[in-house]
Amino acid sequence: DAGTAAAAAQAAATDADTDGEKAAPEATFLAPDPKDRWVNTHVISVELEVSDDRDGPEALDLHWEPASDLIKPPDHAAPDGIARFALIAPVPREWTISCTVTDTDGASSEASVTFMVHEDADGDLFAPLRRRRRRL
């Protein structure tokens, strides 16, 4: 009917950007902070905030990379728009975690975070300090 068609047209117009294309979902890593220092004995919280003009956070599909290195991350965000999981005792190396977020219309965007995990060689649970050179 005309009312349903008008509502669908309004919804499509609300979800359109200036090019007339549907807007892609938004994604931002809240944690881990790349400036923090981690060791391989830490549990590292990973949090990704997602949103979309039209779909709720639970309707957005999340595809994580590198999937083989991670404890099972969520396929969808919680109702508050945050997808959370933990890396437990990750291998010491530079890590980059990426997530592609896809809405029900097929529009997608990607977010990533890079951080360093160090070996806890002395067993003190702290990352090694950066040594500064003294200027004479």
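Let's start at Thr28, which counts as partly exposed at 43% relative accessibility. Keep in mind that the model is a predicted one. Thr28 lies in strand 1, and, leaving aside neighbours within four places in sequence, Thr28 is in contact with Glu47, Leu48, Glu49 and Ala111. Thr28 and Ser51 sit 23 residues apart in sequence, with their C-alpha atoms 9.3 Å apart in space.

Now for the nonpolar core. The largest one has 22 residues, and those with the most contacts inside it are Phe29, Leu48, Trp64 and Phe115. Two or more residues come to this core from each of strand 1 (26-31), strand 3 (43-51), strand 4 (61-65), strand 5 (82-88), strand 6 (93-102) and strand 7 (108-118). Not counting residues up to four places away in sequence, Phe29 touches Val46, Glu47, Leu48, Trp64, Ile97, Cys99, Ala111, Ser112 and Val113.

Ile88 has its place in strand 5. Is Ile88 buried or exposed? Ile88 is exposed, because its relative accessible area is 54%, and exposed means over 50%.

Here are the two residues with their accessibility side by side:

| Residue | Relative accessible area | Class |
|---|---|---|
| Thr28 | 43% | partly exposed |
| Ile88 | 54% | exposed |

Notes: Residues numbered from 1 in each chain as written. Predicted model: local features only at pLDDT ≥ 70, side-chain atom pairs only at ≥ 80, totals over all residues. Heavy atoms only, no water. Core = buried A, V, L, I, M, F, W, Y, C linked by side-chain atoms within 4.5 Å. Buried < 20%, exposed > 50% of the residue type's maximum accessible area, 1.4 Å probe, protein only. Helix = DSSP H or I, 4+ residues; strand = E, 2+ residues; numbered from the N terminus. Contact = heavy atoms within 4.5 Å.
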